[in-house]
Amino acid sequence: MDLDLPLIWSAIIALGVFMYVLLDGFDLGVGILFPFTRDAGERDVMMNTVAPVWDGNETWLILGGASLLGAFPLAYSTLLPALYLPVMVMLFGLVFRGVAFEFRFKTAGRHLWWDRAFFTGSLVASFAQGALLGAFIQGVAVERVADGGYRYTGGAFDWLTPFSVMTGVGLVCGYALLGATWLVWRTDGALQQRALSAARGLTLAVLAFVAVVSLWTPWANPPIAQRWFAWPNLVLLAPIPLAALAAALVLLRALARGWERMPFLMTMALFLLSYAGLAVSLWPFAVPRVMTIWDAASPPESQMFLLAGVAVLLPVILAYTFYSYRVFRGKVRAGAGYH
């Protein structure tokens, strides 16, 4: 039986990207929420809820990026020149934030500076990821070259548009919601109540951004509108937005009742359904409206060789992720953290 290797690799990359967004999303969100409290003890607790897992969460980013390079090199070489600036901004933000994790607990008297570094790095990295998403949805300007490949023909700042700025701000709100509901689950007392209050407002903001993206994307891209609203797709795809609406209602009810775990689970469900909607809109393109996953794929021999490595690596990452979350489960309280 012949394997559809580009299809398998697109599923692996989709899993890696989604796991990264979900897992690093909530620890970036905790950093974004740092200015919402001036209490140094509460900030210690906030950081200690994510300190044991944040670096493992970023493993998924490496998996997704390396897989894109190995499995779809034509898409990688076409997209990177177009998105080089936001990618570098994102990486600088992640590094700046990662340094703050270690230095904040060791430099007595300079907590405020490292608090600011943690917040700024989290905010900048989150906005850059959202802007990258918006720029990817919009597509990039390319032309065919003599060897059958593609070349980016746009400028360094073509990614910076009102749509990408909107998706950047929307993802900042989304990550902040993940962070707030994570704190509702993992903390108690005044900090938990503060996170509950923040999560209610953030939920409404995220729903507003999801609605705008859901309307703006098909309006600006007739092929996407045709995919969603042509018959019988209108009926077949309706469960995705309806399930998202149901998850949002359950989330708001859980926050109103002060439930601890359900808000985080429903926020993850909202991200999953939004991700599914994005996949429906863009499938099967590796570079929107330019090349499909089959056009961009590396030779079958290369993909098969890489697949053997991922068959070993992916279970290890999943096992490590599960084990670390199991070991560091439970409430985090003042004076009983990771450091």
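## Burial and packing in a predicted model

Ala51 sits in the loop between helix H2 (40-50) and helix H3 (54-57). The model is predicted. Ala51 counts as buried, because its relative accessibility is 4%, and the cut-off for burial is under 20%. Its C-alpha atom is 8.6 Å from that of Asp27, a residue 24 places away along the chain.

**Cores.** The largest nonpolar core holds 86 residues. Phe26, Trp60, Phe72, Leu83, Tyr175 and Phe271 touch the most other members. Helix H1 (residues 5-32) supplies the largest share of this core, with 14 residues. A second core is separate and has nine residues, including Phe163, Met166, Trp228 and Leu282.

What does Phe26 contact, once its neighbours within four places in sequence are left aside? The partners of Phe26 are Val50, Val53, Asn57, Leu178, Gly179, Trp182, Phe264 and Tyr325.

**Gln303.** Helix H14 (residues 300-327) contains Gln303. Is Gln303 buried or exposed? Gln303 is buried, because its relative accessible area is 1%, against a cut-off of under 20%. Beyond its neighbours within four places in sequence, Gln303 contacts Leu5, Pro6, Trp9, Ala71, Phe72, Ala297 and Ser298. Phe72 is also among the core residues that touch the most other members.

**Surface.** Leu160 lies in the loop between E2 and H7. Leu160 is partly exposed, because its relative accessibility of 45% falls between the 20% and 50% cut-offs. Together with Phe157, Val165 and Val169, Leu160 forms a nonpolar surface patch. The accessible area of the four together is about 340 Å².

| Residue | Relative accessibility | Class |
|---|---|---|
| Ala51 | 4% | buried |
| Gln303 | 1% | buried |
| Leu160 | 45% | partly exposed |

**Confidence.** The protein averages a pLDDT of 92, and 99% of the residues score at least 70. Confidence is lowest in strand E2 (residues 150-152), with a mean of 87. Helix H7 (residues 162-186) has the highest, at 97.

Key. Residues numbered from 1 in each chain as written. Predicted model: local features only at pLDDT ≥ 70, side-chain atom pairs only at ≥ 80, totals over all residues. Heavy atoms only, no water. Core = buried A, V, L, I, M, F, W, Y, C linked by side-chain atoms within 4.5 Å. Buried < 20%, exposed > 50% of the residue type's maximum accessible area, 1.4 Å probe, protein only. Helix = DSSP H or I, 4+ residues; strand = E, 2+ residues; numbered from the N terminus. Contact = heavy atoms within 4.5 Å. pLDDT = per-residue confidence, 0-100. Patch = residues over 30% accessible without salt bridge, like charges linked within 9 Å, V, L, I, M, F, W, Y side chains within 5 Å. Areas by Shrake-Rupley, 256 points an atom, 1.4 Å probe, with all protein chains shown as cover. Salt bridge = Lys/Arg side-chain N within 4 Å of Asp/Glu carboxyl O.
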